[in-house]
Amino acid sequence: MSAERITDSVAHHAEGPCWSESWGGLRWVDMTAGDVLFLGADGQVLRTHVGDVVACVRPRATGGAVLAVETGVALEDPDGVVHPPRLLWEPGAVRMNEGGAAPDGSLYVGSMAYDQAQGAATLYRVDPGLGWEPVLEGVTVSNGIAWSPDGTLAYYNDTPTGKVDVFDWSESAGLHGRRTFVVPELAEGDVHPDGLTVDSEGAVWVALHGAGQVHRYTADGALDTVVEVGARQTTACCLGGADLRTLYVTTSRENLDADEDPAAGSLFAVRVEVPGLPVLPFAG
């Protein structure tokens, strides 16, 4: 399958696409620009500046959004007002990266060092009251996290490891029983698993940064679909549209020369057979 380029190169480092009926469509982030992007019904891209970094955007159950900013979490009201963030640590060598809401309404969000220092990052759980705790330490580049349709499994990438892991999950025990789900065949050299999403059959779609591809793995780990993307730094994906059957893929211009990979930073999309899952909201 081949994805269609549906925007110009609108972002330097696009990440974290998320479809929500509560905000009427697709939002994603231009992470290191600190902007949240929205795809209008006419195909135009609207941009809202949040701060120095915005790494993740997910809907709130009460309306608006929760945002992972450089070193903390901020709440956006339904009218678009963004409140000052709750800081998890002081600005410095480490910033937020991707995350996602869990079935219990909490937010799991991870970090990475600006220089990608090995083991310098952490995956955190943020509760609806904005209390927080580390749940996985010694991470290098925390990416992905999405739950199976029944909420008992969570899929996760620490990108430099070259593999996609799966945890058992429950509201009482949290993440436990970590093991390897798949090692993508291309995951070596400059190709690494980045963001991911899970569809209604429990299959996992994984963006392969450096390969210009998204792979779909069935719940038992078999590769059954490859989507070609016209920019090699594919960063993340989600399933959206009214029927949740449009795969949206973000791409990045990070570390590229001005005339290199002209479509990098664009948003891509392709229609697929199996719908996704409605996005889980943050309960705060």
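What share of the contacts in the protein chain with a separation of 6 or more do residues 24 or more positions apart account for? Such residues account for 44% of these contacts, where a contact means heavy atoms within 4.5 Å.

The model is predicted: local features need pLDDT of at least 70, side-chain atom pairs count only at pLDDT 80 or more, and totals for chains, interfaces and linings use all residues. Residues are numbered from 1 along each chain as its sequence is written, and side-chain values use heavy atoms, with hydrogens and water left out.

**The chain as a whole**

The protein chain has 0 helices and 24 strands; helices (H or I, at least four residues) and strands (E, at least two) are DSSP runs, numbered from the N terminus. Its radius of gyration is 17 Å, close to the 19 Å that the globule rule gives for 284 residues, so the chain is as compact as a globular protein of that length. This radius is taken over C-alpha atoms, and the globule rule is 2.2 Å times the number of residues to the power 0.38. The C-alpha trace spans about 40 × 40 × 40 Å along its principal axes. Of the 284 residues, 58% are buried; buried means under 20% relative accessible area, exposed over 50%, and partly exposed in between (1.4 Å probe, protein chains only).

Strand E19 (residues 204-209) is mostly covered, as 6 of its 6 residues are buried. Val 204, Val 206 and Leu 208 point one way from E19, whereas Trp 205, Ala 207 and His 209 point the other way. Two strands pair if DSSP finds at least two bridges between them.

| Pair | Bridges | Opposite residues |
|---|---|---|
| E18 (residues 192-198) and E19 | 5 bridges | Val 198 and Val 204 |
| E23 (residues 246-251) and E24 (residues 267-271) | 5 bridges | Thr 246 and Arg 271 |

The hairpin of E18 and E19 has 5 residues between the strands, and there Gly 202 takes a positive phi near 80°. In the hairpin of E19 and E20, 3 residues lie between the strands, and Gly 210 in the turn has a positive phi of about 100°.

**An open sheet**

E23 and E24 also belong to an open sheet of 4 strands in the order E1-E24-E23-E22, with antiparallel pairing. Strand E1 (4-5) and strand E22 (234-240) are its edge strands, each pairing on one side only.

**Nonpolar cores**

A nonpolar core is a set of buried Ala, Val, Leu, Ile, Met, Phe, Trp, Tyr and Cys residues joined through side-chain atoms within 4.5 Å. The largest has 29 residues, of which Val 73, Leu 88, Met 96, Leu 107 and Val 126 touch the most other members. Several strands each supply at least two residues of this core, among them strand E6 (54-59) and strand E7 (65-69). E7 gives the most, with 5 residues. A second, separate core of 17 residues includes Ala 231, Cys 237, Val 249 and Ala 264.

**Cysteines**

How many disulfides does a search of the whole structure find? The search finds 0 disulfides, a disulfide being a pair of cysteine sulfur atoms within 2.5 Å. The sulfur of Cys 18 is 6.4 Å from the closest cysteine sulfur, in Cys 238, too far for a bond. Cys 18 is buried at 3% relative accessibility, and Cys 238 is buried at 6%.
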